Amino acid sequence: MFLLAACLTAVTFSCVPATPHVITDTNFTASCLEGDWMIEFYAPWCPACKGFVETWRQFAESSHTSGRIKVGAVDVSQNSGELLHKFIIVMFYLVTAGRFMIMSLPTIMHISDGVVRPYKGPRNLDGLKEYVGDGLWHNIDPLPWWYQPASIHMYIVGQVYWASQRLTEIQHVLMDEYKFSPVMIVLIVGTVTILVGCACGGMLVCLSEISNRLRRQQLPAPQQSPRQQPNADNAMDTTTEEIANQNEKKDSDVRKRTKKDEQ
C-alpha cells in the first residue's frame with residue numbers, strides 16, 4: 001500500500017504541467033545570469049501575447065521535462081502593490097524590461113551564462129525546440145557589450161524607465177485624488193526639474209574645481225633655466241652701464257652746444 005501511494009503521488013506530481021518562471025527585478029540578477037534561459041517579455045493586454053500563451057506554456061513544460069534550459073516570463077506591466085502609502089506605487093518589472101530595451105511584444109531573449117541573444121526564429125513550439133535542442137543559438141551573434149542587460153549602464157537605463165513610470169503614477173494620483181490641475185502639475189514638475197538640474201550642475205562644478213586644484217598641487221613646480229634666473233651682479237653691472245651711457249650722452253650734448261656758441 002505504501003509503494004502504491006508513493007507511485008500515485010509521483011504520477012500526480014509528474015502530470016502537473018510546468019509553467020514559465022516568473023521573472024522580476026528581485027530575482028533577475030540572481031537567477032537569469034547563470035545557466036541557460038529563454039525569457040519572454042509580454043503584457044496581458046497585448047493581442048499577440050495572448051495568442052502565444054499556450055505555445056510558451058507548452059515550451060516551458062517540454063523544457064522542464066528535458067532539463068536543457070529554463071523558461072521564464074516577464075510581465076512588463078504588472079504592478080506589485082504599494083509601498084509606504086498609496087502615493088508611492090512600486091512596479092518592479094519595468095526596470096528589467098528597460099534593461100533589455102524592449103520595443104515590441106512579445107519579445108523572446110536567450111541568455112547563456114549572462115550573454116544575451118535575441119530570438120528571431122518562428123513563434124511555434126517546433127521552432128523553439130529546434131532553437132534550443134539543435135543549438136541554433138550558437139549561430140546567433142550576441143548583443144553588443146554596450147547593449148548587454150547585465151552591464152551597469154543598462155541598469156541605469158532600466159532605472160530611467162522606472163523613474164518615468166513613477167512620474168506618470170504620481171501625476172495620476174495628483175490629478176485623481178488631490179484634484180491638481182494639469183497646469184499646476186506642469187509647474188511643479190518644471191520647478192523640481194530645474195532645482196534638480198541646478199543641484200546636479202553645482203555638484204559637477206564643485207567636483208571639477210576640486211579635481212583641478214588637486215591636480216595643480218600634484219604637478220611639479222616649473223624650474224627656471226640658468227639664463228632666466230636673476231643675478232644680482234649682472235643687474236648691478238647693467239645699472240652702472242646705463243648710468244655711464246647717460247653721462248656720456250650729456251657730455252656729448254654739452255660739447256655740441258659749446259661748439260655752437262664759439263661759432
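The model is predicted, so local features are given only at pLDDT of at least 70 and side-chain atom pairs only at pLDDT 80 or more, while totals for chains, interfaces and linings use all residues. Numbering starts from 1 along each chain as its sequence is written, and side-chain values use heavy atoms, with hydrogens and water left out.

## The chain as a whole

Let us start with the overall layout. The chain has 8 helices and 5 strands; helices (H or I, at least four residues) and strands (E, at least two) are DSSP runs numbered from the N terminus. Followed along the sequence, they give the pattern α-β-α-β-α-β-α-β-β-α-α-α-α.

Of the 263 residues in the chain, 25% are buried. Buried means under 20% relative accessible area, exposed means over 50%, and partly exposed lies in between, using a 1.4 Å probe and protein chains only. Among the contacts with a separation of 6 or more, 68% join residues 24 or more positions apart. A contact here means heavy atoms within 4.5 Å.

## Two nonpolar cores

A nonpolar core is a set of buried Ala, Val, Leu, Ile, Met, Phe, Trp, Tyr and Cys residues joined through side-chain atoms within 4.5 Å. The largest one has 18 residues, and Cys32, Ile39, Phe41, Phe100 and Ile111 have the most contacts inside it. Helix H2 (25-32), strand S2 (36-42) and strand S4 (107-112) each give two or more residues to this core. S2 provides the largest share, 3 residues.

What does Cys32 touch, leaving aside its neighbours within four places in sequence? Its partners are Ile23, Asn27, Trp37, Ile39 and Ile111.

## Aromatic rings

Rings of Phe, Tyr and Trp (its six-membered ring) pair if their centres lie within 6.5 Å; planes under 30 degrees apart count as stacked, over 60 as edge-to-face and the rest as tilted. By this rule there are 6 aromatic pairs. In one of them, the rings of Tyr119 and Tyr131 have centres 4.8 Å apart and planes at 85°, so the pair is edge-to-face. Tyr119 sits in the loop between strand S5 (115-118) and helix H5 (125-133) while Tyr131 sits in helix H5, so the pair ties together parts that are 12 residues apart in sequence. Tyr119 is buried at 4% relative accessible area, and Tyr131 is also buried, at 6%.

Another edge-to-face pair is formed by Trp146 and Tyr147, 5.4 Å centre to centre with 75° between the planes. Trp146 is partly exposed at 47%, and Tyr147 is partly exposed at 23%. Phe28, Phe41 and Phe100 form one aromatic cluster; of these, Phe41 and Phe100 were named above for their contacts in the largest core.

## Two pockets

On a 1 Å grid over the protein atoms alone, a pocket is an open set of points where a 1.4 Å probe fits, with protein on both sides within 12 Å along at least five of seven lines; lining residues have an atom within 4 Å of a point. A volume is the space filled by probe spheres set on the points, which are joined across faces, edges and corners.

| Pocket | Volume | Lining by class |
|---|---|---|
| Largest | about 310 Å³ | 8 nonpolar, 3 polar, no charged |

Helix H6 (152-176) and helix H7 (182-218) each give two or more residues to the lining of the largest pocket, with the largest share, 6 residues, from H7. Its lining includes Leu167, Gln171, Ile188 and Val196.

The second largest pocket is lined by 11 residues, and His21, Ala60, His64, Lys70 and Val71 lie nearest its centre. Helix H3 (47-66) and strand S3 (70-75) each supply at least two lining residues, and H3 gives the most, with 3 residues.

## Two residues to look up

Is Ser63 buried or exposed? Ser63, found in helix H3, is buried at 5% relative accessibility. Not counting residues up to four places away in sequence, Ser63 touches Arg68, Ile69 and Val71.

Lys129 is found in helix H5 and is partly exposed at 37%. Leaving aside neighbours within four places in sequence, Lys129 is in contact with Phe59, Ser62 and Asp134. The C-alpha atoms of Lys129 and Ser62 are 8.3 Å apart, although 67 residues separate them along the chain.

Definitions and conventions. Ala, Val, Leu, Ile, Met, Phe, Trp, Tyr, Cys and Pro count as nonpolar, Asp, Glu, Lys and Arg as charged, and the others, Gly among them, as polar.
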